[in-house]
Amino acid sequence: EICGATEFMKNSKMFVAGASSGSIIAMRLIAEDSARRLSGCAVVDVISDLKAYADFRGESIQNIFAKGIGGTYDEMPEEYEKRSALSFYEKLDRPMLMIHYEQSEFCQAEQTDRLYALVKQNNAACFYKKLDLLASDFSGDGLTLLVDFIKEFK
């Protein structure tokens, strides 16, 4: 709605980016953008499976998800699944950059590995880079990758 209502955005190429929990939002925006206003997506430390991520992180994240979603996974599995990119990966059909920081204690590479393998089947413009660094956002090498990605697809 914002893209369509804001004059300067109507003819602009726009990219979305998100890190960790923001990756969920960024990927969902691409998946739900049927008007194709968004040109691409970049995500860091991807959360592609909410249940697996909550199990990995433990009770604190499980409580946050339960509050935000309206119930636990056991109470509302369908709500967790529809919010997980693994259930809508085929809609991630625009240029996409995935970054995983290997020294991160908060996100598992398996989340990104699995999603990348699925998206790459139908999206030749999907790229994945693992960085042997400790970060959780677009900074340093991650920021350089993001800027280069946008320049390539703008």
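This is a predicted model: local features need pLDDT of at least 70, side-chain atom pairs count only at pLDDT 80 or more; totals for chains, interfaces and linings use all residues.
**Reading helix packing and a parallel sheet**

Me: Which residues in α3 meet which residues in α4?

Reply: From α3, the residues are Leu50, Tyr53, Ala54, Asp55 and Arg57, and they meet Glu59, Ser60, Ile61, Gln62, Phe65 and Ile69 of α4.

Me: Which residues are buried in α4, and where do they lie around its axis?

Reply: The buried residues of α4 are Ile61, Phe65, Ala66 and Ile69. They lie on the same side of α4, because the arc they cover around the axis is only 140°. Glu59, Ile64 and Lys67, by contrast, are exposed and sit on the face turned away from the buried side. The cover over the buried residues includes α3 and also α5 (77-82), while Gly70, with a positive phi near 110°, follows α4.

Me: Is Ile69 buried or exposed, and which residues is it in contact with, leaving aside its neighbours within four places in sequence?

Reply: Ile69, which belongs to helix α4, has a relative accessible area of 13% and is therefore buried. Apart from those neighbours within four places, Ile69 is in contact with Leu50, Met76, Glu79, Tyr80 and Arg83. Arg83 lies 14 residues from Ile69 along the chain, and the C-alpha atoms of the two are separated by 9.3 Å.

Me: Turning to the sheet, in what order do the four strands stand, and is the pairing parallel or antiparallel?

Reply: Strands of a sheet pair through backbone hydrogen bonds, in either a parallel or an antiparallel arrangement. In this model the open sheet has four strands in the order β1-β2-β3-β4, with parallel pairing. Strands β1 (14-19) and β4 (126-131) are at the edges, each pairing on one side only, and the twist from one strand to the next averages 15°. Between β3 (residues 96-101) and β4, six bridges make up the parallel pairing, and Leu97 stands opposite Phe127 in β4.

Me: Which strands does helix α7 touch?

Reply: Helix α7 (residues 141-153) packs on the sheet and touches β1, β2 (38-44), β3 and β4, its direction making about 170° with that of β3.

Note on methods: Residues are numbered from 1 along each chain as its sequence is written. Side-chain values use heavy atoms; hydrogens and water are left out. Two strands pair if DSSP finds at least two bridges between them. Helices (H or I, at least four residues) and strands (E, at least two) are DSSP runs, numbered from the N terminus. Axes are lines fitted to C-alpha atoms, for helices over the stretch in contact, and angles run from 0 to 180 degrees between N-to-C directions. Contact means heavy atoms within 4.5 Å. Buried means under 20% relative accessible area, exposed over 50%, partly exposed in between (1.4 Å probe, protein chains only). The arc is that of the directions from the helix axis to the C-beta atoms.
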